[in-house]
Amino acid sequence: MNDGCSGEHVYLTDRSRAEGGAGKVSARGVTRTVVLLGLVSLFTDISSEAVSAVLPIYLTVVLGLTPLAYGFIDGIYQGVSALVRILGGWLADRGDHPKWIAVLGYGVSALTRLALIPSQSMAAITGVITADRLGKGIRTAPRDALIAASSAPEAMGRSFGVHRALDTTGAMIGPLLAFTILMVVPEDYTAVFVVSFAAAAIGLAILLLFVPDLRPRRDAVAARPAAAAGVAPPKPSLRLLADRRFAKLVAAAGLLGILTIGDGFLYLVLQQRDELATAYFPLLYVGTSFAYLVLAVPLGALADRVGRATVFLGGHLALLAAYACAGGPVGGAIPTILCLLFLGTYYAATDGVLAALAARVVQTPVRASGIATTQTAVAVARFVSSVGFGLMWTMLGQRPAMVIVGVALIAALPLAWVLLRGVEAGPSEEAVVE
Amino acid sequence: MSPRIRLVAFLAVVILAVGGSIGYLVGSRAEQQDAVRHATPVEQASAEAIQDAAHIVFRNTALGPDYGKVAMVAIEDPDGARAVTTVTCDRVYVAAGRTLCLFADRGLVTTHRADVLDRDLSVTHELPLTGVPSRARLSPDGSMAATTSFVAGDSYATGNFSTRTVISRIDGDDRLDLETFTLVHDGREIAPVDRNYWGVTFAADGDTFYATVSWDGRTWLVEGSVDDRLLTTLHADAECPSLSPDGSTVVYKKRGAGPPGTWRLAGLDLGTGVETMLAETRTVDDQVEWLDAKHVIYGIPRSGSAAATSDVFVVPADGSGAPDLLIPQAWSPAVVR
């Protein structure tokens with residue numbers, strides 16, 4: 001066996017093998033690799049959010065383009081990104097080198113920062129942004145698979161929480177950095193792109209140099225009891241993915257996703273009720289991110305203790321509370337702030353937790369594909385939801401539309417609870433060696 | 001690779017990234033300060049003298065400390081001395097002694113403002129504005145203001161942009177979002193979810209206005225009534241209309257068959273429905289202003305890294321002649337007679 005592991009404790013073996021020489025498990029159960037991946041995301045998010053923050057102004061003021069045209073094309077590529085995400089997951093499983101697929105994704109996105117500098121036309125900018133989206137689509141699932149592979153199962157929720165908290169920290173620093181740069185060198189958007197590239201390069205360097213090249217499938221097999229040794233690692237296949245418990249998880253996540261009103265809509269509801277929300281529009285995002293950042297780790301840890309499905313469902317109660325605060329009759333600062341905090345709580349209780357849940361439910365050889373499938377199901381469900389909610393808003397008005405979605409969410413939660421019951425028993429690892 | 005080599009490689013990347021960034025910022029800042037120092041100072045005149053006669057108010061785009069400030073020149077001498085005020089606007093319009101100023105205070109928290117100023121440029125009214133300012137217009141009698149801004153998150157697909165256009169009765173409480181108006185197309189009332197409005201121009205009757213509506217990827221010229229909260233489509237592929245002083249013609253930008261993100265100027269005779277392309281062959285992304293009964297003026301940004309500066313050009317509204325530079329280093333012109 002490897003590294004002197006007995007193989008009795010499959011997960012411990014899995015973990016220490018996965019960690020290799022690269023890291024120690026910290027006292028609180030989060031490994032060095034998870035923190036490193038969090039830092040990769042932090043720097044990459046600084047990079048991408050700095051660009052996102054100035055892109056509307058850059059397009060309209062400097063290039064003289066109409067954002068409407070940009071927005072239209074942006075919508076189309078959302079779909080492409082969802083498909084690429086599954087491809088990224090599949091490639092990571094197939095080659096059993098998720099790190100290299102992640103490097104590809106992060107690398108493509110870093111290069112797009114440089115490509116932005118000479119881009120002066122609509123077509124060029126659209127191309128660059130598409131490349132960035134594709135990079136993001138490719139890297140997400142392999143990265144989450146790496147987080148799962150380097151976490152003890154009992155600390156999976158906390159690990160994803162730590163990663164998401166670092167990721168969100170980067171997303172909050174990015175715009176601050178961009179506007180600071182524009183204060184130092186007014187109107188020089190190239191400077192933002194240069195610094196953004198530098199941040200992406202640092203993130204990519206951390207990934208390349210310090211994150212170990214984990215082999216989740218090989219290690220899972222190597223960790224089998226001696227009786228099973230010598231059996232070839234099973235190739236990832238659709239059959240491995242087509243698991244009943246996994247199907248239930250995807251169904252539950254998709255069902256709840258369809259009943260999720262997008263942030264954009266919630267912010268719009270707040271803006272239409274409140275002068276306050278209008279004046280401080282950019283701060284709405286900051287408020288949500290802040291709650292997400294603060295709660296990601298504690299809620300991830302809670303998920304490890306009381307069950308990830310429970311916390312995932314509980315997150316949707318926070319979402320209901322956010323609807324109530326936004327759509328309720330009382331305006332003003334307190335309901336607005338509460339809405340943002342509840343929305344952040346919802347993200348903290350669902351985003352990383354869902355990835356942890358998916359990573360636990362599917363078998364190791366198809367883990368990245370499983371995570372990608374779950375996330376894509378949620379993304380597609382939310383897109384359907386935003387179109388449907390937009391229609392209802394137009395035809396019935398804002399308040400009835402919100403009440404309908406809210407009531408449907410209340411009705412769906414017990415159904416989701418039934419679907420998720422028993423899903424979390426852990427993957428039947430024996431099947432791996434069959 | 002040994003851990004030591006990895007660490008050295010990482011430090012090299014960090015030093016290159018941080019050093020390169022700082023180096024670029026320092027160089028760019030020095031260059032900018034150099035450009036300001038060596039910018040040919042624009043000739044200044046007194047505002048009182050210019051305001052006495054017909055003049056054009058605009059946003060000064062000459063690089064330097066007065067960049068972005070509202071300025072004015074005499075119509076008789078448009079490329080001559082300009083009077084620069086202390087007010088900064090992204091988009092400015094003037095009618096009947098009132099000035100409408102749209103302004104984005106960009107910073108950590110970007111605030112957007114739409115202020116109405118009096119003759120002394122003191123703020124008399126604050127109108128709602130959500131998002132990056134795009135178009136500003138006042139009705140000829142100065143009683144109504146129309147603002148268009150780009151709104152993030154105001155859309156049905158994530159991450160998209162859309163516009164919000166609001167008509168306000170400045171002295172009253174009406175703040176009318178055009179999305180709440182009834183839209184009539186081909187004789188039928190419609191309400192496409194992805195509709196957007198922008199670029200209002202007012203007629204002299206205190207009720208009628210023209211604007212752009214878009215849905216399903218197409219744009220239309222609409223005629224609107226403020227009193228009836230009604231909009232009716234008139235003509236396809238027409239954005240940011242501007243009504244002639246006699247109310248007979250609108251000039252707008254149209255996409256035509258050109259590449260995305262480019263527009264040509266065209267005029268539409270509202271009586272006969274005849275559309276005429278103007279002589280400007282460059283792309284124009286602006287809401288034109290009528291200089292007189294026969295000419296329109298509009299801004300065009302300079303190319304490449306000089307795009308922060310734009311110039312105002314003039315072209316005949318009937319398709320004849322050729323464009324001509326009217327006011328160098330200017331944007332968002334408004335004619336005051």
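In this predicted model, four strands of chain B form an open sheet in the order S3-S2-S1-S26, paired antiparallel. Strands S3 (83–88) and S26 (330–336) of chain B are the edge strands; each has a single partner strand, so one side of each is left without a neighbour in the sheet. From one strand to the next the twist averages 25°. Inside the sheet, strand S1 (residues 55–60) of chain B runs antiparallel to strand S2 (residues 69–74) of chain B, and five bridges join them.

B:Cys89 and B:Cys101 are joined, with an S to S distance of 2.0 Å, and the link is left-handed, with -115° about the S-S bond. B:Cys89 sits in the loop between S3 and strand S4 (91–95) of chain B, while B:Cys101 belongs to strand S5 (residues 98–105) of chain B, 12 residues apart. B:Cys89 has 1% relative accessibility and therefore counts as buried; B:Cys101, at 4%, is buried too. Over all chains the count is one disulfide.

A:Cys339 is in no disulfide, since the nearest cysteine sulfur, that of A:Cys325, is 6.1 Å away and the cut-off is 2.5 Å. A:Cys339 is buried, at 1% relative accessibility. B:Cys240 is likewise in no disulfide; the nearest cysteine sulfur is that of B:Cys89, 18 Å away. B:Cys240 is also buried, with 1% relative accessibility.

Charged side chains supply further contacts. Side chains of opposite charge can pair when their charged atoms come close. Over all chains there are 25 salt bridges. One of them returns to the loop between S3 and S4 of chain B: B:Asp90 lies there and B:Arg59 lies in strand S1 of chain B, so their pairing ties together parts that are 31 residues apart in sequence.

In chain A, A:Asp351 and A:Arg164 form a salt bridge at 3.1 Å, N to O. The pair connects helix H15 (residues 333–361) of chain A, which holds A:Asp351, with helix H6 (residues 156–184) of chain A, which holds A:Arg164, 187 residues apart. A:Asp351 is partly exposed at 33% relative accessibility, whereas A:Arg164 is buried at 5%.

Back in chain B, B:Arg302 and B:Asp311 meet at 2.8 Å, N to O. Here B:Arg302 is partly exposed, at 34%, and B:Asp311 is buried, at 9%. A network of salt bridges links B:Arg91, B:Arg135, B:Glu239, B:Lys253, B:Arg255, B:Asp285 and B:Asp286.

Methods:
Residues numbered from 1 in each chain as written. Chains lettered and ligands numbered in written order. Predicted model: local features only at pLDDT ≥ 70, side-chain atom pairs only at ≥ 80, totals over all residues. Heavy atoms only, no water. Pairing = 2+ DSSP bridges. Helix = DSSP H or I, 4+ residues; strand = E, 2+ residues; numbered from the N terminus. Axes fitted to C-alpha atoms, helices over the stretch in contact; angles between N-to-C directions. Buried < 20%, exposed > 50% of the residue type's maximum accessible area, 1.4 Å probe, protein only. Salt bridge = Lys/Arg side-chain N within 4 Å of Asp/Glu carboxyl O.
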